[in-house]
Amino acid sequence: RAALLSEDYAPEDLVKVTLKRVVQGELRKAAHDALGELFQAAQAEGHTLYVKSAYRSYKTQKTMYFTRLEKQGRDDGWVAYPGSSDHQTGLGVDVLNYEWTKKDGMNEQFGNTAEAQWMAAHCHEYGFVIRYMADKEDSTGINYEPWHLRYVGPECAEYMMTNNLSLEEFTAEWQAYAAQFEQQSGM
């Protein structure tokens, strides 16, 4: 398991989500601003999007994880372990269409909606990636979540989406390049 965020970690630049949303929430400012642009572009093409979940504290994630564990009897790959949640970074956000905001849960079938397909095709233009991509469960440890966007910035998002890389694969790649550079330059 990768390094975990501490129980008391919270981003310093969280802002209240002012976009269409299901519940109150916060995101880091850069992610919120970029998400606003993404929502506007989606709306211009006939897709209305809603924030379902944004920043989550360690404590909230811990409650969600252990509730799911108790209910399922095992870690079923749907809720991240406390300290490993993308939501705790303030850069992860769950985005749905109106129909799915009314459902009791989320599953990979959301990926069949026009809104999810639009997000998958265009999110990188606004600095986002589909955080938990289909067929990347082995590298992410989390099931396919077509609603879960992660802000990484436009350049990284473009590279990751073009090369079909999960965040874990991208991280391993840049770390290998950094190590190679350091070795070649004698640092």
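Let me start with the rings: Y65, F66 and Y81 are linked into a cluster by ring pairs. Before I go on, please note that this is a predicted model. Across the structure there are seven aromatic pairs. I will take one of them, Y65 with Y81, in detail: the ring centres are 5.2 Å apart and the planes meet at 75 degrees, so this pair is edge-to-face, the cut-off being over 60. Y81, with 27% relative accessibility, counts as partly exposed.

Now the helix that carries Y65. Helix α2 runs over residues 58-72, and its 15 residues should span 21 Å at 1.5 Å a residue. The C-alpha atoms at its ends are 21 Å apart, in agreement with that value. Which residues of α2 are buried? They are Y58, Q61 and Y65. These residues cover an arc of only 65 degrees around the axis, and therefore they lie on the same side of α2. The exposed residues on the other side of α2 are K59, E70 and K71. After α2 comes G73, which has a positive phi, near 80 degrees.

Next, helix α4, residues 114-122. Its buried residues are E115, A116, W118 and M119. Viewed down the axis of α4, they fall within an arc of 160 degrees, so they line one face of the helix. What covers them? The cover over the buried residues of α4 includes α1 (29-44), β4 and β6 (145-151).

Strand β3 is the next stop. It spans residues 50-53, and S53 is part of it. S53 is buried, at a relative accessible area of 13%. Its side chain makes a polar contact of 3.1 Å with the side chain of R56. Leaving aside residues up to four places away in sequence, S53 touches H87, G92, V93 and D94.

There is also a charge over a ring. K103 lies over the face of W100, and the distance from the ring centre is 4.7 Å.

Last, the backbone. D135 is not a glycine, yet its phi is positive, at about 65 degrees. D135 is in the loop between β5 (128-132) and α5 (137-140). With a relative accessible area of 73%, D135 is exposed. N164 is not a glycine either, and its phi is positive at about 55 degrees. Where does N164 lie? It is in the loop between α6 (154-162) and α7 (167-185). N164 counts as partly exposed, with 41% relative accessibility.

Note on methods. Residues are numbered from 1 along each chain as its sequence is written. This is a predicted model: local features need pLDDT of at least 70, side-chain atom pairs count only at pLDDT 80 or more; totals for chains, interfaces and linings use all residues. Side-chain values use heavy atoms; hydrogens and water are left out. Helices (H or I, at least four residues) and strands (E, at least two) are DSSP runs, numbered from the N terminus. The expected span of a helix is 1.5 Å times one less than its number of residues. Buried means under 20% relative accessible area, exposed over 50%, partly exposed in between (1.4 Å probe, protein chains only). The arc is that of the directions from the helix axis to the C-beta atoms. Rings of Phe, Tyr and Trp (its six-membered ring) pair if their centres lie within 6.5 Å; planes under 30 degrees apart count as stacked, over 60 as edge-to-face and the rest as tilted. A charge sits over a ring if NZ of Lys or CZ of Arg is within 6 Å of the ring centre and within 35 degrees of the ring normal. A polar contact is a pair of N or O atoms within 3.5 Å; within protein, one must be able to donate a hydrogen and the other to accept it, and residues adjacent in sequence count only if both atoms are side-chain atoms. Contact means heavy atoms within 4.5 Å.
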